[in-house]
Amino acid sequence: MPKQRRPHPRSSRRRRQPKEGMGFFGFTVRALVLLALAVGLAVGLYGVHLDKVVRAKFEGKRWALPARVYARPLEIYTGRSLSVAELQGELGRLGYREDAQLARPGSYHIDGEQAAIRTRPFRYWDGYEPERYLSVDLAGGVVKAVADGNDATPLALVRLDPALIASIYPTHNEDRVLLRREQLPSRLVKTLLAVEDRQFYQHHGVDPKGILRAAYENLRAGRTVQGASTLTQQLVKNFYLTQERTLERKLNEAYMAVLLDWRYDKDEILTAYANEVYLGQDGSRAIHGFGLASRFYFDRDIDELDIPQTAMLVAILKGPSDFNPQRNPERVRERRNLVIDLMAHHQIISKADAEQAKQAPLGVVEGGARPSGEYPGFIQLVRRQLRRDYREEDLRSEGLRIFTTLDPLTQAHVEAAVKARLPKLDRSRRLPEGTLETAAVVTSVAQGEVLAVVGGRDPGYAGFNRALDAVRPIGSLIKPVIYLKALSQPQRYSLVTPIQDKPVNLRVAGVMWRPKNYDHSVHGTVPLYRGLVKSYNLATVNLGLDLGVDQVAGLLRDLGAVRDIDAVPAMLLGSVSLPPVEVAQAYQTIAAGGFRAPLRAIREVLDASGRPLNRYPLAVESVVSAEAAYLTQWAMRRVVTQGTATWLERRLPSDLAVAGKTGTTNDMRDSWFAGFSGDKVAVAWVGRDDNEPMGLSGSTGALRVWGDIMASVDTQPLDDAPPEGVVTAGACGSSLPYIDGYAGSACGGGGARTASRGSTPKASSSAEPVVAQEPAPRAPETKRRPEPKDEPRQREVSPFLSDFYGN
């Protein structure tokens, strides 16, 4: 029998069944590996998602930046009217500092009437204005010379950087001043890293050593005494995440910090942190970034910070609410001094400098980083024009730079005039102080720019703006429009054309209308110009009816009125209701020689990069002849020298020729004066918000406000020289001007055009018509038809002047 072969040992081991425990272990290992792979894949995919989130904001639009609104810059040139006090006031609004050494841009020194200024550089829409050293010689309230402060080279004109007058903040009310890496002072950066993240340039977004160190210190203390978040993690928390304290949020924070550090340069991260970090609260406005915080707390640019100021900004990073220097100054001082010690420890400053810095006061100022001045009336005007051209979200987020027409010097004078005159008017009528209200608008004749707006007796109050929205009957302010309409027809009317000041009995809507003159007299036949100068109601009504009420209403619209005008006979005595800004537009056209330029409050808008977005050019349209406008101006000048506004001759300089018209409404509910000099138009209104009578006529109320304004602002007299086509001598023995070729009309009659009389001699300012004069009335023109007590004040839509009233 053959011998059986014994199996080979290896073969028998191969056939041996595995133990039960070994199978479970292998399965578990495989499962764990698969789970790890799945988790790794999930983490990787989540990382891809987070990386997109990180890149989307960091490479896109990082911040919603407020729109900045600037006034027009102060221009300095030889011959300009400018006092030392006015110059100091403007430099104060700009945040310039008195410094005899002129060590930094934005400093000045005044010695008597000599001013030395080191200006700040500024980029305008039309070019870059470099930093300059200026020498300005002021004498007697006039600039005598402007020169380069280095080499005494005369300068024709220089302009200072414009005052920031408003900001339009994002919806969440954040504000910041963006800085580039090279603008961050070295001392600030070193102090920040020494206190908040010493290993910033070594770690990869998260600092493991810092985490262990903080854990150890917290365990020793039994409470949280030290954090371990890097600057990168803090940026991620502020930039991308909420402030909730959860494990999920901390893990996301760490992961995103690593991704951010992997993606971007350390200096990019540091710069973003410096612009994003929260550093305090100014009412509803959140202060973000070191650039704005420096201005907010110290009213200084960041490169001007000294050691204690630098230390304080870093100190309050620990908790801007807990370390608020206004509420907890001692706590902030203690924390600041600890930071100063750290600065010395890390050899950022010397120990001697540290000891000296710790003795310094906090030095916090009030009102830092806020726009200069309070101009709510003007800013409302700007906002309405902006809403026509831009979306609200763009105004609140795109960092637009808006250059306006506001003249801070003119605005300051208007505000001062209102504040000084209104209490006097209250007392003059024995009214409780604060009873009367007012509104004023000042514009430039040549550019059609709004220079100043006051919406009430408290110019800083941001409520109801009477300059834009108080729609009140304008009274006799309508009369120049009627006479302008007549003088636009030289074949029929001249300044001496006889018109009838006779009774009017007219049935209107079933009611007999019988207007009367103020003195209850009838003056018979009077020359046309006298009807305006003396503000005769009957002469004006008869003239207006002869012209046609519809024709007068049409001319008022052409001059710039945009509201619906009820073309009824009472309109000829001022029943039409307009706000002061629309009155200013109409008188602007007369002052500009018949050329209508829609009033504008904005010059230019730039985006955050300095590129022009929208231009607001001067748009001019001729709506009435220059000759007729000049003749109307001539008569309106006599309102001041012979008529209802003679008080101005005592209030204004003797060489300041102006023209204007008083206006009074029924029962002295509204007092108006509108007029102009050679380069400025001004409109003033005085009344009561409850529309009750106040006892002030145009000449005893608004005229006084207007006179105070024009006596204080820098303005030029009206020019006597007539336009081409106006003759000022040689017709019928009269020296009154008339339109060339219409001598018959100039002699008081009508008739066709006559031959040209040739040359046009210059008018004499003393030339007066050979007509007997009557005493100027010292009270309102006459009582009008009663007006409703509740005046309409709603904004209306119009294609013209929509700048002011929106959509």
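Modeller: The model is a predicted one, and a search of the whole structure finds 4 cavities of 30 Å³ or more. Such a search rests on a simple idea: a probe the size of a water molecule is rolled over the atoms to show where empty space is left. The largest cavity has a volume of about 60 Å³.

Pro376, Gly377 and Gln380 line the largest cavity, together with Gly455, Gly456, Asp458, Pro459, Tyr461, Gly463, Phe464, Asn465 and Arg466. Helix H13, which spans residues 376-389, supplies the largest share of this lining, with 3 residues.

The setting is a chain of 807 residues, 54% of which count as buried. The chain holds 26 helices and 32 strands. Of the contacts in the chain with a separation of 6 or more, 71% are accounted for by residues 24 or more positions apart.

One is helix H19 (residues 537-547), which is mostly covered, as 9 of its 11 residues are buried. The buried residues of H19 are Asn537, Leu538, Ala539, Thr540, Val541, Asn542, Leu543, Gly544 and Leu547. Their cover includes three helices, H17 (479-487), H18 (528-533) and H20 (549-559). Strands S19 (498-501), S21 (511-513) and S22 (524-527) are also included in what covers them. After H19 comes Gly548, with a positive phi near 110°.

The other part is a contact between two helices. In general, two packed helices are described by the angle between their axes and the distance between the axes. For helix H3 (residues 84-93) and helix H15 (residues 408-428), the axes come within 10 Å and cross at roughly 110°. Angles of 65 to 115 degrees count as roughly perpendicular, and H3 and H15 are therefore roughly perpendicular to each other. On the H3 side, Glu86, Glu90 and Arg93 take part, and they meet Pro408, Leu409, Ala412 and His413 in H15. By class, this contact of H3 with H15 has 3 nonpolar, 1 polar and 3 charged residues.

To return to the request, the largest cavity, of about 60 Å³, has a lining in which helix H13 holds the largest share.

Notes. Residues numbered from 1 in each chain as written. Predicted model: local features only at pLDDT ≥ 70, side-chain atom pairs only at ≥ 80, totals over all residues. Heavy atoms only, no water. Axes fitted to C-alpha atoms, helices over the stretch in contact; angles between N-to-C directions. Helix = DSSP H or I, 4+ residues; strand = E, 2+ residues; numbered from the N terminus. Parallel < 35°, antiparallel > 145°, perpendicular 65-115°, else oblique. Contact = heavy atoms within 4.5 Å. Nonpolar A, V, L, I, M, F, W, Y, C, P; charged D, E, K, R; others polar. 1 Å grid on protein atoms, 1.4 Å probe; cavity = no way out; pocket = protein on both sides within 12 Å on 5 of 7 lines; lining within 4 Å. Points joined across faces, edges and corners; volume = space filled by probe spheres on them. Buried < 20%, exposed > 50% of the residue type's maximum accessible area, 1.4 Å probe, protein only.
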